[in-house]
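Here are a few notes to read alongside the model. Have a look at it first, then go through the points in order.

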Amino acid sequence: MTVIAFTPADVVDPDLHASGEVHELWSWMRHHAPVHWHEPGALPGFWSLTRYEDIRDVYQNPAVFSSAQGVLLRPTDLGQDPGSGLTMALTDPPRHRALRGQVADRFSERCARSLAGEMRAEIRSVVTRAVESGTCDVVHDIGARLSSHNIGRLLGVPPEDRERLLAWTTEAFESGKPLTSHLPLMRYFIDMMYARMERPADDAMGMFVDNEVQGELLTETEILLGCENLVGASENAGLSMASGILALAAHPQQWQRLVRERDGELSRTAAEEVLRWTSSATHSMRTATADTVIHGRRIAAGDRVVLWIPSANRDESVFTEPERFDLGRRPNRHLALGTGEHVCIGSTMARHQMRMLLETLAELVTVIEPAGDVEPLRSITVNGPAHATVRLVAR
């Protein structure tokens, strides 16, 4: 029997996540404790799921595993998520479907294609600036900038205000506090909301304001929480891009392969492998609506069930050599962007942006190398670097 230095209780230790050693624990849990109960304490009691099939099945069964009570572990003393039942992430069908449909057009394949030229030009500009600077922090200068600007573009934030949006969201993410507690950001969205009420626009904010959900307009609180929901999700996209660049630096043979085959199909499979490998969303949570059984363990109605997404994406029963970073990996049915009703609404945009970034790097850059220490995030919610300096050498 494999001996590890940790116990399942350590799965909520931010330091274990920061060190990357949590992958060793998840591997042990997949084999020995795939459905594990954690007693309540600072966090409420919950079940951990670590196997791919179990996590996929929970994602695809919203009738039994509800999102309405919250989708992230919260300290017990904070109580229930204030957005419960009000946003896309925190509702169940059929309301979830109606909320999603309200803004789905802004996140569609058609919209991604229509914005491709603008997105590619911005990526090229950001990468060029990073190359000319000699070194850059891939988290802030590339990942966060591209993801923040893109969600701003979709919401309707004008180009001249997108750097302000980046500054505000960076401050909020680094503080660890909800975006709704960042007053300048919320004031900006309130002003945008009232502007759209006066003058409709074909952007996500305009759709939140003007499109009805189940026959009714959203309240102002629901509109603002919807914006927070979308902006908060952009952090994952930025972390995936930053972590992807670090993965290329750490795997020079894969980087050279990307450069050699940049005009072929490799960029598509490479984007999927970066998403699997980085798995920037560390967990998602559901609440059982009825008694059920998983691997002989009885899950009671009302129990919280935590899905450890990076563990699913390294499950040996699904992925051949899961600890190998392989840009040509096929098949690659990862769960980094979820699946089922709650698959990330930005998944299409995220894939397009990731692929464009990889293609642009392969075109403009010859060497990617570390230029300082990587400071990891200490979080059980998102996975990736807090700061990481790299050197990009021009082709």
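1. What share of the 395 residues in the chain is buried? The buried residues come to 54%, where buried stands for under 20% relative accessible area, exposed for over 50%, and partly exposed for anything in between (1.4 Å probe, protein chains only). Bear in mind that this is a predicted model, in which local features need pLDDT of at least 70, side-chain atom pairs count only at pLDDT 80 or more, and totals for chains, interfaces and linings use all residues. Residues are numbered from 1 along each chain as its sequence is written, and side-chain values use heavy atoms, with hydrogens and water left out.

2. Now the overall build. The chain has 15 helices and 10 strands; these are DSSP runs numbered from the N terminus, helices being H or I with at least four residues and strands E with at least two. The radius of gyration is 21 Å, close to the 21 Å from the globule rule for 395 residues, so the chain is as compact as a globular protein of that length. (That radius is taken over C-alpha atoms, and the rule is 2.2 Å times the number of residues to the power 0.38.) Along the principal axes, the C-alpha atoms fill a box of roughly 60 × 55 × 35 Å.

3. Next, the sheet. Five strands form an open sheet in the order S1-S2-S8-S5-S3, with mixed pairing; two strands pair if DSSP finds at least two bridges between them. At the edges sit S1 (35–38) and S3 (65–66), each pairing on one side only. Helix H3 (residues 52–59) packs on this sheet and touches S2 (46–49), S3, S5 and S8 (304–308), a contact being heavy atoms within 4.5 Å.

4. Zoom in on S3 and S5. They run antiparallel and are joined by two bridges. Phe 65 stands opposite Ala 288 in S5.

5. Ser 280 is worth a stop. You'll find Ser 280 in the loop between helix H13 (266–278) and strand S5 (283–288). Its relative accessibility is 6%, so Ser 280 counts as buried. Beyond its neighbours within four places in sequence, Ser 280 has contacts that include Asn 236, Leu 239 and Thr 381.

6. Finally, Leu 25, which belongs to helix H2 (residues 22–32). Leu 25 is buried, at 0% relative accessible area. Not counting residues up to four places away in sequence, Leu 25 touches several residues, among them Ile 4, Phe 6 and Leu 16.

Conventions. Axes are lines fitted to C-alpha atoms, for helices over the stretch in contact, and angles run from 0 to 180 degrees between N-to-C directions.
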